[in-house]
Amino acid sequence: MNGSASPGESSSAAGSSQPARHHWFEPLADFVGPAYLRYSFTKGTEQEAAFLVDALGLGPGARVLDVGCGPGRHAHALAGHGCRVVGLDIAERFVSLAAAEAPSSAVFVRADARAVPVRANAFDAVVSLCQGGFGLPPDPAAPDDGLILAEMASALRPGGRLALTAFSSYFMVRHLEETDDFDAATGVNHELAPVKDAIGEQRDFDLWTACYTSRELRLFANQAGLKVLGLWSVTPGRYEQRAPDLDHPELLLIAEHVAS
Ligand SMILES: C[S@@+](CC[C@H](N)C(=O)[O-])C[C@H]1O[C@@H](n2cnc3c(N)ncnc32)[C@H](O)[C@@H]1O
């Protein structure tokens, strides 16, 4: 598959890793396919990538891992900024789409964010955006987000930087819609979301989104050996350094892997 490979940073481990486990997102990815990129929240990719290049200090040739890369929109954009990117996603359909459109400096692999098949310390930066694994619990009763963050931290070289977005609990509760079913005990929101495919056919899919407060993200980051450099309230397509508030849907965490 073009652009799908086992690059240096993803190591021999890509070949020897366990196959990714099943995730409820996969049937959604199979159905929506390239129509994912028609959704409005995907339209600000270039702004997001440019912001991240600055926030993560990415120079030419920087090695970046995109966890839960979807159809590869950030991976492609970061490659356009001169980065060498490995994208991983549990949904084969999205990995194929990402690989089909890939520039030569971006490669893609099907893998599970709970067991990232890369060498430790291999990357200058790791990103996980728009709930790319972190925040999409395979088992809503037992989110694996701590494990996913630890996997991402381990892929970073000392001094390397991480960017992840998580859905804001503050926003979720303040702007709860009729279709949302927010579980205050777990912080996970469930909705039955109408999704359209490339020919306009519509199906409903169950979506579970784990939501976070700023405090939880700071604690999680510290537990994973990451020093928080920034924690901001953002909207897709408008990443900026805005102090956490109650009225923007996502929290953007920028953190640095502290040498142990
Ligand atoms: C909402 S999409 C975001 C995709 C992309 N980061 C973006 O910004 O468009 C969530 C992605 O996370 C992937 N994902 C969810 N859980 C995952 C896991 N445990 N391991 C790898 N990928 C996962 C899904 O397959 C999906 O492609």
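**The ligand site and a salt bridge between strands**

In this predicted model, the ligand is surrounded by 22 residues, of which Tyr-36, Gly-68, Arg-73, Asp-89 and Ala-113 are the closest.

Several polar backbone atoms approach the ligand. Gly-68, already named among the closest residues, places a polar backbone atom 2.7 Å from a nitrogen atom of the ligand. A polar backbone atom of Ile-90 likewise lies 3.1 Å from a ligand nitrogen atom. An oxygen atom of the ligand, in turn, is found 3.4 Å from a backbone N or O atom of Gly-133. How much of the ligand's area does the protein bury? Taken alone, the ligand exposes 600 Å², and the protein buries 97% of that area.

The structure contains 10 salt bridges. One of them joins Asp-124 to Arg-157, with 2.7 Å between the closest N and O atoms. Asp-124 belongs to strand 4, which covers residues 123-128, whereas Arg-157 belongs to strand 5, which covers residues 156-168; the pair therefore ties together parts that are 33 residues apart in sequence.

Notes:
Residues numbered from 1 in each chain as written. Predicted model: local features only at pLDDT ≥ 70, side-chain atom pairs only at ≥ 80, totals over all residues. Heavy atoms only, no water. Near = heavy atom within 4 Å. Polar contact = N/O pair within 3.5 Å; in protein donor to acceptor, adjacent residues only side chain to side chain. Areas by Shrake-Rupley, 256 points an atom, 1.4 Å probe, with all protein chains shown as cover. Salt bridge = Lys/Arg side-chain N within 4 Å of Asp/Glu carboxyl O. Helix = DSSP H or I, 4+ residues; strand = E, 2+ residues; numbered from the N terminus.
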